[in-house]
Amino acid sequence: MEREIPRSPNPPRMPRMFHRLLIANRGEVAVRIARACDALGITPVFAASAADADAAHLQDREVVCLGPGRASESYLNMQALVQAARQTRCTAVHPGWGFLAENPTFAALCEAHGLSFLGPPPAVMRLMGKKTPARQAMAAAGLTLIPGSDGILDSVDDARAVADEVGYPVLLKAESGGGGKGMRVARSADEIAAAFNDAQAEARAAFADDRLYLERLIEGGRHIEIQIMADRYGNVVHLGERDCSIQRNHQKLIEESPSPVLSADERERTLQAAAAAAQQIGYVGAGTMEFLLDSEGVLRFMEMNTRLQVEHCVSEERTGIDLVAEQILVAAGHRLALTQEAITFEGHAIECRINAEDPSDNFRPAPGVISKWAAPQGPGIRVDTHVHSGYEIPPHYDSLICKVITSGKDRAQAVARMIDALERLTCIGVPTTIPMHLAILRSPKFAANDYDTRSIPGWPR
Amino acid sequence: MQLTSRRKTLKPKFTRDDQGNLCLLAPALGLWRDRPSLGTPVMPGMSLGCIEVLGVLHDVVVPEKVAGVCSAVGEGLDPDAARIPLTFGTPMLVIDPKAGNLGGEVQQAHEDNQTTGAGLCAPSSGRFYRRAAPHKPFFIEVGQEVREGQVVGLLEIMKTFHRITFTGPGLPSPARVVAIEVEDGDDVRAGDVLVRVEPV
């Protein structure tokens, strides 16, 4: 007689979920991560420096004090952060952005102590942190590169040969470079030798690595980036592009989506290629690929940021997806609940970064006490911030105090809402960059898209 | 060998409560083990056990100007735990300086260090540097003459560096540096006196 197999009374096994998560960052991003934790029923534990530990946004929260105010002894102290996570019984660490977010050593240290690091696997992070291997991986996956050398340059003669091929002007860059160091421009064949030697010497002094590579210098152009989200099972989606061309000293000021200048064909081609490239390198979590839009309208790959970005809210507003919650779910082993077809892009979104700097005094940073703070509200207005009336901005960290994100059915409506929101934002006690943002948003050049990464439309007035 | 080479010696900072007791503050986050038992007399330089951070033991020693008898562990800490979890800056140990007749009277710290003269104040909070780079000479030294507009130091505010020049109402020029009130790399608040000078 056939025996009946009893059905299991238990539902199918669900992937695990973190109960406690350490936020290894501060300020606005810490608040943002905590919001996603609250939505998922996770207890966030804030790792804070002594300068931040008493802030009002940490009241009634679990806070663990890492060390003194300076970042090297608190937010950059890997051992203290991992010890803090273990001591507070956290099983996951969210690094936010900046500080240790793109540090493969920190990611590996977390994994070694049984903590889930919310980012890609350390090997992928290491690959994308190196310039020429990242270029080669992306080219193999079908993205268009800025024309340049295939790898490390052997000698001045090698550099001259490559430069003659790709065309002048060219940029010699350090393989381990960053922060604008170890970079030299050569505008003709005569300048190659001097540029090569200067860049090599600077790279050796700054990074103890004098390997160089070469790219054609694209002057101006628009800075466009693509938001990627991937799970551990090879599923990758993109959340559209963001145009971040308005910058000052390589610091982004305003970001918007969709890009008002990108052609539909080029957008579609690069979005597909970017998702395929992320899949090919085994990417996991949220990441961003940065491109330069050249004068022919071609998007050329620059680099990949293996973390959540400050301007992720722009993509969230257009798609309605909570990127931080997705990041946590993916890290806990869940599959992406979204398919590319299910993601819809609505209207236009724009973000302004409000810094505590005085635009009338050459952007002098202004730490101090905010005596009165009131954030605007209304349809299509989102404000991400950690400040409040009475908040003291510490001098140890960067000057971002708030992000205002507005959305509308088209660019004109989103911009109009932004101008309205910025006019109604009250911040007394410290100067902010709001007057500069208003000047930009009202300028005819901004409306007509007549700018690139070199110039700020409408500023200086 | 490797383990010992990574060990650091930590000296806790301390505060004073109403009864005159000294309260040592945790110098690092970690697990505190081998703490002295209550009633133990302590002197500067003596061991207070160690703080374990990811398996590495860092020694904790009694700071200068602290002597007395351990009277209690910090509030909220479990005195019976073999390894007491600490976070930075929490009170870890209360020391009674009057008990035990050690004769090690606690000296007043810098409070009575009164220097006169006009002062150049920090224009903003930030980190003060006395030189442009670690291998460069100091901008100014005590006893040196300074003139209006001369650079006396750098202030790092929110990751950007600003020159601090010798200018301000009520400052004599030329002047002689009497004292430099902050160390190289110290955090300062707006209005803190950086340099004291007297007219030449």
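Contact here means heavy atoms within 4.5 Å, and helices (H or I, at least four residues) and strands (E, at least two) are DSSP runs numbered from the N terminus. This is a predicted model, in which local features need pLDDT of at least 70, side-chain atom pairs count only at pLDDT 80 or more, and totals for chains, interfaces and linings use all residues. Residues are numbered from 1 along each chain as its sequence is written, chains are lettered from A and ligands numbered from 1 in the order in which they are written, and side-chain values use heavy atoms, with hydrogens and water left out.

Let's start with two helices of chain A. In helix 1 (residues 27–40) of chain A, the residues R32(A), I33(A), A36(A), C37(A) and L40(A) meet L323(A), V324(A), A325(A), I328(A) and L329(A) of helix 10 of chain A. This contact is made up of 9 nonpolar residues, no polar ones and 1 charged; Ala, Val, Leu, Ile, Met, Phe, Trp, Tyr, Cys and Pro count as nonpolar, Asp, Glu, Lys and Arg as charged, and the others, Gly among them, as polar. Two packed helices are described by the angle between their axes and the distance between the axes. For helix 1 and helix 10 of chain A, the axes come within 9 Å and cross at roughly 65°. Axes are lines fitted to C-alpha atoms, for helices over the stretch in contact, and angles run from 0 to 180 degrees between N-to-C directions.

Helix 10 (residues 323–331) of chain A also lies across strand 9, strand 10 (236–248) and strand 12 of chain A, at about 40° to strand 9 of chain A. On the sheet packs helix 12 (residues 434–442) of chain A, which touches strand 10, strand 11 (251–257) and strand 14 (348–355) of chain A.

The sheet in chain A is open, with 8 strands in the order 13-12-9-10-11-14-21-19 and antiparallel pairing. Strand 13 (299–305) and strand 19 (381–385) of chain A stand at the edges with a single partner strand each, so one side of each has no neighbour in the sheet. From one strand to the next, the twist averages 25°. Chain B has an open sheet of 5 strands in the order 1-7-6-4-9, with mixed pairing. Its edge strands, strand 1 (9–10) and strand 9 (83–86) of chain B, pair on one side only. Two strands pair if DSSP finds at least two bridges between them. Here is one pair from each chain:

| Strand pair | Sense | Bridges | Residues opposite each other |
|---|---|---|---|
| Strand 1 and strand 7 (residues 56–61) of chain B | parallel | 2 bridges | L10(B) and V60(B) |

Now for how the chains meet. In chain B, 25 residues are in contact with 29 residues of chain A. The area buried between chain B and chain A is about 2000 Å², and carbon and sulfur atoms give 63% of it. Buried area is the accessible area (1.4 Å probe) that two parts lose on being put together, summed over both. L29(B), L54(B) and M158(B) lose the most area on the chain B side, together 39% of what that side buries.

Finally, some backbone details. Most residues other than glycine have a negative phi, and most peptide bonds are trans. The bond from W459(A) to P460(A) is cis, with omega near -5°, and P460(A) lies in the segment after helix 13 (444–447) of chain A. R89(A) has a positive phi, near 60°.
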